[in-house]
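Me: I would like a close look at a single part of this model. Please keep the answer plain.

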Amino acid sequence: MATTPAEAFVELDGINYYTLLENPTNGAPNAPCVLLIHALMSNLHMWDATAATLHAAGYRTLRYDHIGHHRTPPPPDAPNAHYHLDDLTRHAHQLVRARLGHPHLHALIGCSIGGSMAFRYATLFPQDVGRIISVASPGLSSPAFAHELWTQRLEQFEQDLRTGDEVLCRETVARWVPGERAEDNGVRREALGQVRTCGIEGYRVLVQAIRGYDYGGLVGEMGRVRMLVVAGEEDGAGRRDVLESAAGRIEGAEFVGMGRTGHLPPMQKAGEFGGVMMRFLGEGGGTTSPYVPTTLTHAPPPFDHWFHIALSIPSVPSVHHASAALVHGDRAASMNTALLFLWPLATWLRTALAYDTPDSASLTTPPQYNAAYDNGTFGYYPVRTYVTAEDLHSPQVNFLEWDAQCDDGLYYFFAPRGWSVPDPGPMIFDSRGELVWAKHFDNNSGGEAYDFMVQTYQGQEYLTFWLGDDRVRGHGSGHYYMLNSSYDIVHRVGAANGLSADLHEFLITPQGTALMTMYEIVAHDVTSFREFDPDLPEDQNPNFIWDCLFQEVDVATGDLVFEWRASDHMELHDTYHGIGPGGTQDDPFDWFHINSVDKDELGNFLVSARYMHSLTYIDGKTGDVIWTLGGKSNAFMDLSDGFSLNFAWQHDARFIPIDTFPNMYRAPPERAGYTTRLVTFFDNAAEDQHYDHGLTYSRGLLLEITYPTTPPAVPTTTNHDHQRRQESYDPAINAAKIAEINGTNPDYTVRVVQSYENPLPVRSSSQGSMQILPPPPGSSDDPTVLIGYGLNAVFTVFAANGSVLCDAHYGANTSWERGDIQSYRVYKFPWSGAPRQPPSVDISDDDVEVYISWNGATEVTDWILQCAEEDSESEQAWADVVRVGKEGFETVIQLPEDVGESRFLRVIALGDTGRRLQHGVSETIDRGSMAGSSFFPLKVASSVRQVTPLRVFLVLVSMLSGMFVLYEGYRRYLSWSFGRPGGRSLRWRQGKAYRMLGEA
């Protein structure tokens, strides 16, 4: 059977619509389909996160670009074209028929103008769509002021085209995502990129359609389709009051207002919108799940969710949250009211089961893969929180694959940051993805750390990372910090000669020096790349570049040992990076972009230049170029059919010993006068969402290079001309590049030894790393390979032969290429941490559990809970209660019955030999005068003297309250059953009772 192509152009009325039809994750080609219609000035990519959620739930999706937007061209008679919103809605219906072969949709979801089209779709084609979600529509009809408003915006667009400004684009994004919350910066940046793809003719067509429609008289027909109306609480266009009123006029329609969102809820709060959407559509392709209508930000969880929480966390939910759920109708109110009483029972059951139910989670393997973390159900950055460390939020490390070889005693080191990371900073995780240490180092630039790793200096192990101002795009200005095993800052290392250390590299050498990169604005002629107009303000002070340097400095003294500057040795026209509107002092041309430096045993340096697509070997005494691998000055002949030289925008280049892989690799026979070496690096194959060079995925590369030990001169290819970067996509661009740069001198050869490729595959537009992980001591096995995917929250451990051992995501895959969660590099190292701060301890509100953690301590194997009648420093006053093994970052200790009324508790940290660890005594918990009691349940094993009058009183009050709540719930249930409006004493809203969606 022929397969339907994902991408296709469909011609309707002379318009060549670009469409994208995608199957669900399970690959089912005939799964129910959801049509997604984007907002004016946006494009189909506004639905990327929504589509991913739908695919994971078993749905197909069909998307398309509006007329004159993104990849759909304007109509042939663009200046005279005029379309009503009805025409555009009929086009949507025809596109469905053309792509699916039939007109039937499981659902339609439209945003902004797409939301208005959704209203009309319900009246024109009710038999062809099961459910509709209208998001951020201007309403059932165009506002009275719409004609004048859109006319002004059209005039602004025309003016922008004349002046080259982006006033309308930026004003549109500011309206879409109002406010200045840092968490929304990623959405603003993505939205700005989308509005730039809208042409003036496409804008004019849709403006004419949206400023002249009126469907207010059709509300009686809209109720024929099950409908949900969604509004952003901060949206000035699709106003909440207008849309809530519209939903109230449509029979059976429901309404959701989403807090802290503007005009694009599917982008701004993708995870939350996905949850609302799935509760309405159903959890799987074509499967309907209960959906509770709401005018709150969140719909209430079902009972099994409440009960699950009761059995899994110790703290009782606030009455505010539980009672808020009661506004969702009499029937739902009765259920949730009952839950208020049943909660203590669930807590009691949890306490009883805690001593009898074995822990099903293994302490040596990570939790099973959770698809909900990956598909955006919990947002772009699902996190774990901790009772004992309320200021810490660590990512949910979600292993798609895991092998015991990854449990090698090493720790993962990375530094999550990005638009969705509230408290970025360096973090350490164990092999199961459990947090070991984290800290946010706040500064004026958000405290985003880079290049977090372990290095040796003067025989001691240190944590090192960069911190500074990274708001300059692609590099930074700051210092490198060195922390000892107690996590104290002991060194701050900066650049010499008045420069600032860049974030890309800090490599400590055995000689006690450090290699660092830096960027400096210098004057340089760039008129061969672009022309400057002296009359334009943005073209003032032309001819400046970001020059790239690296320095070797003495860590102890800060003295300069060696410095190399790119512009002194490299040709600007060897760059593959476009200058764009840059090249001025305010926007220097970033042509080289140094991102790694390595020093070999000969004292020479290997430099990676991202924008040159090259690795350059530099003489450590003179600074002269010895050879260049890749790029326009490449010296090497590719022996792997172009796969050695087709890398692009790479990171993290290193030499490794020739005998690193004793089983997989055999070096060629030695030849006098020639050197053979192994080189590793991360091949991005992408740069800031530009994919016009390289493969369709990122990879780690292990290359073998051979060259004359004493080259006579710097060899380069000469069969190319130095032209500026080609901006348009050419399917043959990579083949043309290889033909242009491939070396012809057989003395210089390169071949691929192994390529390390994620099975998905992943393509990262920036950052990334490749590390060789040594085998265990005494083992003759080959090492494993760790790849970090930089901009995308992924790291993968490979066997030497390229097979995947462990594959982990620490953010949703819906966040990829967005910058929401990223880490410059990912490493694994051995580490021993011994903090001087004591462990953190807390106790549950019901006096049933004690929580204990010790941020950064790696030597803890067990905890001992102790109790005392008084807070004493004397060891004799403290008695051991229970000893438990350490579990993850935070261990939960169930309070045994024999704690009794002991008022004071503390926890002791033990090492592997049972010894007490230094600084390992927690602070003391004072349980107060209520020690030994809890609201529910009563401790059956307690003695009679524990049942004080106060406890009896509290139990009686609780029982009476519960009986009253159950009585009121039952009375309201009877009222609902007989169709009456309900009782009066707890009536939150007068008039007719709410209708459930199933009754509509």
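Which residues form a nonpolar patch on the surface, and about how much accessible area do they have together?

Reply: Leu950, Phe953 and Val957 form the nonpolar patch, and together they have about 280 Å² of accessible area (Shrake-Rupley, 1.4 Å probe, with only the protein chains shown as cover for residues). This is a predicted model, in which local features need pLDDT of at least 70 and side-chain atom pairs count only at pLDDT 80 or more, while totals for chains, interfaces and linings use all residues. Residues are numbered from 1 along each chain as its sequence is written, and side-chain values use heavy atoms, without hydrogens and water.

Patch members have over 30% relative accessible area and no salt bridge, and nonpolar side chains (Val, Leu, Ile, Met, Phe, Trp, Tyr) are joined within 5 Å; a salt bridge is a Lys or Arg side-chain nitrogen within 4 Å of an Asp or Glu carboxyl oxygen.

Valine 957 belongs to helix H17, residues 949–977. With a relative accessible area of 37%, valine 957 is partly exposed (buried is under 20%, exposed over 50%, partly exposed in between).

Of its 1000 residues, 57% are buried. The protein chain exposes about 41,900 Å², and carbon and sulfur atoms supply 53% of that area. Among contacts (heavy atoms within 4.5 Å) between residues at least 6 apart in sequence, 68% join residues at least 24 apart.

Conventions
Patch = residues over 30% accessible without salt bridge, like charges linked within 9 Å, V, L, I, M, F, W, Y side chains within 5 Å. Helix = DSSP H or I, 4+ residues; strand = E, 2+ residues; numbered from the N terminus. Buried < 20%, exposed > 50% of the residue type's maximum accessible area, 1.4 Å probe, protein only.
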